[in-house]
Amino acid sequence: MSTAPRTHTEQPARHAADGHDLIRVQGARVNNLRDVSVELPKRRLTVFTGVSGSGKSSLVFGTIAAESQRMINETYSAFVQGFMPTLARPDVDVLEGLTTAIIVDQQRLGADPRSTVGTATDANAMLRILFSRLGQPHIGSPQAFSFNVASISGTGAVTLERAGRKVKERRDFSITGGMCPRCEGRGTVSDIDLTQLYDDSKSIEEGAFTIPGWKSDSWWTVRTYAESGFLDPSKPIRDFTEREMRDFLYREPVKVKVEGVNLTYEGLIPKVQKSFLSKDVDALQPHIRAFVERAVTFTDCPDCGGTRLNEAARSSKIGGTGIADACAMQISDLAEWVRGLDEPSAAPLLTSLGRTLDSFVEIGLGYLSLDRPSGTLSGGEAQRVKMIRHLGSSLTDTTYVFDEPTIGLHPHDIRRMNDLLLRLRDKGNTVLVVEHKPETIAIADHVVDLGPGAGTAGGTVCFEGTVEDLRSGDTLTGHHLDDRASLKKTVRQPSGALEIRGADANNLRDVDVDIPLGVLTVVTGVAGSGKSSLVHGSIRAGEGVVAIGQGAIRGSRRSNPATYTGLLDPIRKAFAKANGVKPALFSANSEGACPTCKGAGVIYTDLAMMAGVATLCEECEGKRFQASVLEYRLGGRDISEVLAMPVSEAEEFFGTGDARTPAAHAVLRRLSDVGLGYLSLGQPLTTLSGGERQRLKLATHMGGKGGVYILDEPTAGLHLADVEHLLGLLDRLVDSGKTVIVIEHHQAVMAHADWIIDLGPGAGHDGGLVVFEGTPADLVAARSTLTGEHLADYVGA
């Protein structure tokens, strides 16, 4: 039997499964999006750009990524969903072609005192296993090296069922953990200044406590002390007996009856520690943080030396190196140490650990150490730490969503970040990036430009296509994509100098430098070179110094630009004066609030394992105030109409006529100066983009009376066109007699500077030195540093 050879003259029909190569979005209306429809190619790199507030994050995070996560959550059982966050369906008509979304955003890592770079990644877990296998002397399992596990032991009776009858047996148990018992794994101990807790010349009945929120009639706190029976509440604290003082300050928790109610009495010191010191200081509300910083001094734990580990965990070593020593190493050095270990029994573990540590170096974080508290990382550093776990992933056909991954990166490091994004794409993944940097826009396969403006002036797709088409397109991004700032022909002359001598914070190596006064100075260098350590570590914010850092704005969905900037206070007083009533009526968080929605404007309904629902309050129709309050007017407008105004309209409203309010007008002018004229006064802070929040902080601090302004990467989240606006603002600050010091990587800001201080030459222990001081023109002419080379390329020198 023979078969004739087959000849294929036609291509086989395309399989139906191969047709799903687009993510289709139709009719998206999240936040300011106006029925946006786009088609995004899968397994390609798509960059979303546009001015800050144009709707990029609303489309990428609030619509595409949010719906992907919601649909994945719905695949779990109702029981499991009950333990998961509830996600509402985005306001969109059609979403097709979604794949699993992995979000790598700029949200700060947890501010828990025990959270470190090592615990936030898999590096610490692998190190603990390594030391439990190879460490000498052997002290136990991996948890014996964990500063999150306390050592405990106990003895007791357990009841077992045997042959149909119950038998009691005595059992002993013990858990060997690595937690330092004194600092409980925090690495620091606190010394509390008692004079900041109470006035010892007063009695408790007279209101001796000076702790925020502890009023003399607070029965759940103050009344507990007054009626506990352990001390005399009418006696001045300074006259307490030794026993009364001991019970007052250090008594262990014990049940007491106060006005017929069973409450727990506890000494003041442990109560303050649990109430205020169990959280990271930076995570506290501003007035609580000010109290803690005033009342508490944090020092390294004397028992563990700040390593967080007990003596046993510190004693076990591999070749003379303990786990605390390994975690304190710069990660690039730790990677070398791991590669030097020759132990066949742990070869797979060493390979995996080495690969993770190499990822840190590759992503530009080799200067960190594993014991660095995660709460101290900048937004850009936190985002890159989150990327670590995805770099070696074998997943494909996944959607990776990045929020400005180049924030905080020197131009030298941006190239490496671009390579990583392309590598993720080349593995068959869809990569969506919200970005402003032209270097990253240039590598995109597909570009979506939103705008044309911000807020209500944005929310539409202005352009969709290739980078080349964007350059020739008639959009704001296209016009500015190839913009390059030029060097100043003349620079300002300093009026003096701020001397820094012997700076040695973190990786600085005994640095001496003079920062000129009365000019615009840019401090630059690769990430981790010591810029923030030099400026923030040597120039303290306070009298005459206004420091605007990268810390996130904290506020609930009730917070808005009017409350955050202090603008609402003069507005409320103006309404009260014009109508002869109390100012509290004009606060949605106080007496004037709608009783149905409690001043929120919407009613939130929790549907357990199903997505929660927010519905407009029918009583106030979303206006947040009682109907009687809305009858009071100022300049013909009620308070809800004023809060709905954009900044530009409100500036005109409070600048002239019956509503003229100089205090409010001054704040509104600063908001306009930083480019937030489109923002509504009552827009919730939770809906603001990263760039909007940064500029809101800048506008708030511009009202300070300081002569020195320190700005930490003010271009973060700013569109190319907005950077030009920022430079004009910095010029106005300097021309008004201020000294402006900017920590920055953006070449346009460097080119605009009067003086540049460049740190390096590398990061971590390879940095910490001043490698250049002088004018931008001198830096470009010398080309002696990485910054000089990139700046010269940027200006075309």
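User: What makes α11 and α12 roughly antiparallel to each other?

Analyst: Helix α11 (residues 331-339) and helix α12 (residues 347-362) pack at an angle of about 155°, with their axes 9 Å apart. Angles over 145 degrees count as roughly antiparallel, the angles running from 0 to 180 degrees between N-to-C directions of axes fitted to C-alpha atoms, and α11 and α12 are therefore roughly antiparallel.

User: Why is α4 also called roughly antiparallel to α12?

Analyst: Helix α4 (residues 123-134) and α12 pack at an angle of about 150°, with their axes 10 Å apart, which makes α4 roughly antiparallel to α12. The contact (heavy atoms within 4.5 Å) is made by residues including Met126 and Leu130 of α4 and Leu350 and Leu353 of α12.

User: How do you know which residues belong to a nonpolar core?

Analyst: Such a core is a set of buried Ala, Val, Leu, Ile, Met, Phe, Trp, Tyr and Cys residues joined through side-chain atoms within 4.5 Å, where buried means under 20% relative accessible area with a 1.4 Å probe, protein chains only. The largest one has 68 residues, of which Ile571, Ile639, Phe654, Leu681 and Val740 touch the most other members, and its largest share, seven residues, comes from helix α25 (residues 720-735). Apart from it lies another core, of 62 residues, among them Ile414 and Val467.

User: What limits apply to this predicted model?

Analyst: Local features need pLDDT of at least 70 and side-chain atom pairs count only at pLDDT 80 or more, while totals for chains, interfaces and linings use all residues. Residues are numbered from 1 along each chain as its sequence is written, and side-chain values use heavy atoms, with hydrogens and water left out.

Technical notes. Helices (H or I, at least four residues) and strands (E, at least two) are DSSP runs, numbered from the N terminus. Angles under 35 degrees count as roughly parallel, over 145 as roughly antiparallel, 65 to 115 as roughly perpendicular and the rest as oblique. Buried means under 20% relative accessible area, exposed over 50%, partly exposed in between (1.4 Å probe, protein chains only).
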